[in-house]
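Here is a briefing on one protein chain. Look over the sequence and the structure before reading on.

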Amino acid sequence: MSPRMAFLIKGELLRLNKYRVTTVSLLVAFVWGLVLYFIDDMDILEQMLPMIIMIDATMMSVIFIGSIMFFEKSEQTISTLLVTPTSTDEQILSKVIANTIHMLLSSMLIILVFYFVKGVTVNFFWMIPILIISIAFHSLLGYVFSYHSKDFTSMLLGVMMFIIFLSIPSILHQFNILFKGDFWRYALLITPAQASAELIALGFGGAFTLASAISLVWLIVAGTLGYLFYIKPAYKAYAVRQGGI
């Protein structure tokens, strides 16, 4: 990693703290932890914990990137970056890496509490890399929502619609309420939420299956192609538009 990239990531982490995003993230982790702590039934806890980690690592990653983009929009700093020596890759990826670091810390905080307090099985060999992949993918997705939203409220509405149509079916499947069986397990992999849930299950001691392999390839390939062919090409147009140029 170049010194300039490291400097940008440090700046993004400081900006996350300045905008209170880190505080909100830790507060959300605390609330999730508090809710789970009072669940004594281990069967229910082992169902709830992966789902909450999935929500924290996916939906919150989208919202936090969106909030940073709109805070910077109000300060008109994004267009200013275009005239600096930093490249588009560095500007986009520094935010993704910073968001991944801070979301990984908040998710791992919840996991470690339940690992030590409740004795929940955790395979850290899988948990850390799959959280990084899931968070990074959804951080990139946060750019897509930002590009197509006029303001933060409309972005939140877009994220809510995304949750209703692409995340809730996965949650209903995990709790065996609707979309039951192997057919839906594989059909729902088209949604990032189900792919992330399959991978997070590995971190809680699940076996590596065909669904795990498909999820891993899906998130990496879709994230890479989405970045190369949409997020990066559309970034300058978004930055110029937000700067009013």
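This is a predicted model: local features need pLDDT of at least 70, side-chain atom pairs count only at pLDDT 80 or more; totals for chains, interfaces and linings use all residues.

Residues are numbered from 1 along each chain as its sequence is written, and side-chain values use heavy atoms, with hydrogens and water left out.

**Annotated segments**
- An unreviewed UniProt entry annotates "transmembrane region" at residues 21-39, 51-71, 92-117, 123-145, 157-179 and 199-231; such annotations may be inferred rather than shown by experiment.
- Residues 51-71 are 100% helix and 0% strand, with end C-alpha atoms 29 Å apart.
- Residues 199-231 are 82% helix and 0% strand, and there the end C-alpha atoms are 24 Å apart.

**Helix H2**
- Helices are DSSP runs (H or I, at least four residues), numbered from the N terminus.
- H2 has 17 residues (21-37); at 1.5 Å a residue it should span 24 Å, which agrees with its end C-alpha atoms being 24 Å apart. The expected span is 1.5 Å times one less than the number of residues.
- Val21, Ser25, Val28, Ala29, Gly33 and Leu36 of H2 are buried (under 20% relative accessible area, 1.4 Å probe, protein chains only).
- These buried residues fall within an arc of 135 degrees seen down the axis of H2, so they line one face; the arc is that of the directions from the helix axis to the C-beta atoms.
- Leu27 and Phe30 are exposed (over 50%) on the face of H2 turned away from its buried side.

Key:
Helices (H or I, at least four residues) and strands (E, at least two) are DSSP runs, numbered from the N terminus.
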